[in-house]
Amino acid sequence: MLLDVKGLSKHFGGLQAVNQVDMSINSGQIVGLIGPNGAGKTTIFNLLTGFIKPTSGKVFFNDNEITAKSPHIIAARGIGRTFQLTPLFTEFTTLQNVVASYYLHPKSGFLDIFFNTPRYLRNETYAMEQSIEILKLVGLSKVKDELARNLPHGYQKMLGIARALAVKPKLLLLDEPLGGLNTDEITFTLDILVKLRKQGITVLIIEHNMQILGYCDHVVAINFGQKICDGSAEEVRKNPEVIKAYLGEQHAA
Amino acid sequence: MLKNPFVTGRNKTVYIYVGLVIVLLLFPLVVSSTFYIHILILSFIYVIAAGSLRLISTSGQISMGHAGFMGIGAYVSIYLSKFLGVSPWISMAIAALITLIIALIVGIPFARLRGIYFTMITLFFGLGALSIEQLFSDYTGGYSGIAGIPALFSTDSKIPYYYFFLILVTVCLIIMFRLEHSRIGQTWKAVAQSYSVASSIGINELQQRVLVFAIGCAFAGLAGAGLAHYSLVLSQSNFNLLASMYLIVYVLVGGIASFAGPIIGTAILVMIPEMSRSLKDYVPLLFAAIMLIVLFTMPKGLAGLPAQVKGWFHRKNKGNTPKEVINNAS
């Protein structure tokens, strides 16, 4: 089991944003995390990646507890993530964004960097080659010298994924990667997901777009911070609780 | 072979800097006026301070207490050399080191604050440092000043000071340049752009912001100590809030976005109060006017002027519109 979440809860004052969520992810899967707006999906991402600390509950990654660790430590353990509103290093070019994200693997020491040692140059050459590969994978190699803030929305989303891949994640968390994309871009992104799984990267994906269900090995549905269903895409699609959450009471017969 | 954005290659601007250093090396041979030599020495000292303030700003942190750290460096060095009899050469180095350590200690809680809150806490640190120095006025002289600070050279001539500070500022700037134009500096710039993205790729952004703050403050301490052993007479008004503000003005007028910014800004602005004693009272007003004019006409400061002029002739320079990006890609 790659990721194991037990009784994860987060209260913001009186609001129970996430309430007793259990979830487990096996290696090599694409797992969907679905739910209506405000269900607590992004809060779960932030809890898993240490951006906010849980009120209670535990998170295990590769059998090591990572509950409430700092984001940079969780990244170093092998969890990469994107953000819903695609924050990037806006003043960096596309390529710089990815090269900058090669911060951990390989990690150069302060003195190595300062004195431009052969080891540092070797590391940077490696980071550079890998970045170009990633940009080719996500189809951004043609715009590698553009400033990230000048990229169209769809490209920025892809750059977010490219950046997260530079962490060499075992688990990749994608927050609404299809949001605001056109049909071509959606097909392209879904293709990339399949390629990533082939490379052995496990993906946990938040999405509103139900097209994603067809690609998920496993789906977790939540509403009002609570898990309402957990199973295969087919099971989740037929689950009355899920239908109720999405379409309202009268459809949930 | 593609150029890695995080490895500095040969850069044309390096030749400009080398040329500038050569001109400055020859300057005292051509111009014998003590006054100009004095202004240049002051510029050298303040370029170290302003340059290090800009270095800190690359991580998105604006410190308003930078002169406070200059003061710490100055008074540590004065205490060691005047009262303990340490050679001023050694005391200057120790002063920089102690400033580094103090900045590391206060930097850890400071860095937890971001943006305006960080700026405010550094401002109060600067003020607090003044009060503490006032407490020890037996050693610092407080606002009435302290005289008889041990000199670096046993001569009345300013020429040895000129060459010493020229070498010192060159070495300091080379260090700052190397830091900035490497993965270290790029990491700081990444942190400045988005700390959440930075931490999501494994950067310990808190640690990085403390690191850059401490390094920058160490340079300020060194500059303060240098100022002490050059001026030989010093009062706390050299390190008050206004002095911190002036450093920010130097950086902004020169251009905070470019490495050359604080160098140009300091070189021009340091001479203004020195030009005439009667002008001295109006310096804040003058600086405000200069800053307004420069920032309105040259948003990137004086250092951005060449690129700005170039831009008037070639519209397309840096940064394409989204439409152009798509067109270029397809």
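Two residues are in contact if their C-beta atoms, placed from the backbone, lie within 7 Å. This is a predicted model, in which local features need pLDDT of at least 70 and side-chain atom pairs count only at pLDDT 80 or more, while totals for chains, interfaces and linings use all residues. Residues are numbered from 1 along each chain as its sequence is written, and chains are lettered from A and ligands numbered from 1 in the order in which they are written.

**View 1. Helix 2 of chain B meets helix 7 of chain B.** Helices (H or I, at least four residues) and strands (E, at least two) are DSSP runs, numbered from the N terminus. Helix 2 of chain B covers residues 34–57 and helix 7 of chain B covers residues 159–180. Their axes come within 9 Å and cross at roughly 20 degrees; axes are lines fitted to C-alpha atoms, for helices over the stretch in contact, and angles run from 0 to 180 degrees between N-to-C directions. The two helices are therefore roughly parallel to each other (angles under 35 degrees count as roughly parallel, over 145 as roughly antiparallel, 65 to 115 as roughly perpendicular and the rest as oblique). Among the residues that meet are B:Ile37, B:Phe44 and B:Leu55 in helix 2 of chain B, and B:Tyr161, B:Phe165 and B:Met176 in helix 7 of chain B. By class, this contact has 17 nonpolar, two polar and one charged residues. Ala, Val, Leu, Ile, Met, Phe, Trp, Tyr, Cys and Pro count as nonpolar, Asp, Glu, Lys and Arg as charged, and the others, Gly among them, as polar.

**View 2. Chain A touches chain B.** The contact takes 38 residues from chain A and 30 residues from chain B. On the side of chain A, helix 2 (71–77), helix 3 (94–101), helix 4 (110–114) and helix 5 (118–137) each supply at least two residues. The largest share, five residues, comes from helix 3 of chain A. This side of chain A has 24 nonpolar, eight polar and six charged residues.

**View 3. Four strands of chain A form an open sheet.** The strand order is 2-1-4-5, with antiparallel pairing; two strands pair if DSSP finds at least two bridges between them. Strand 2 (15–25) and strand 5 (64–65) of chain A stand at the edges, each with a single partner strand, so one side of each is left without a neighbour in the sheet. Two bridges join strand 4 (residues 56–61) of chain A to strand 5 of chain A, and A:Phe61 has A:Asn64 as its bridge partner in strand 5. Helix 1 (residues 41–48) of chain A lies across strand 1 (3–12), strand 2 and strand 4 of chain A, and runs at about 65 degrees to strand 2.

**View 4. Domain 1 of chain A touches domain 2 of chain A.** An automatic or database domain assignment sets the domain bounds: domain 1 of chain A is 1–78 + 169–253 and domain 2 is 88–166. Their centres, taken over C-alpha atoms, are separated by 26 Å. The contact joins 13 residues of domain 1 to 10 residues of domain 2. On the side of domain 1, helix 7 of chain A gives the most, with four residues.

**View 5. Two loops of chain A hold A:Pro106 and A:Asn116.** Most residues other than glycine have a negative phi, and most peptide bonds are trans. The peptide bond from A:His105 to A:Pro106 is cis, with omega near -5 degrees. A:Pro106 is in the loop between helix 3 and helix 4 of chain A. A:Asn116, in the loop between helix 4 and helix 5 of chain A, has a positive phi, near 55 degrees.
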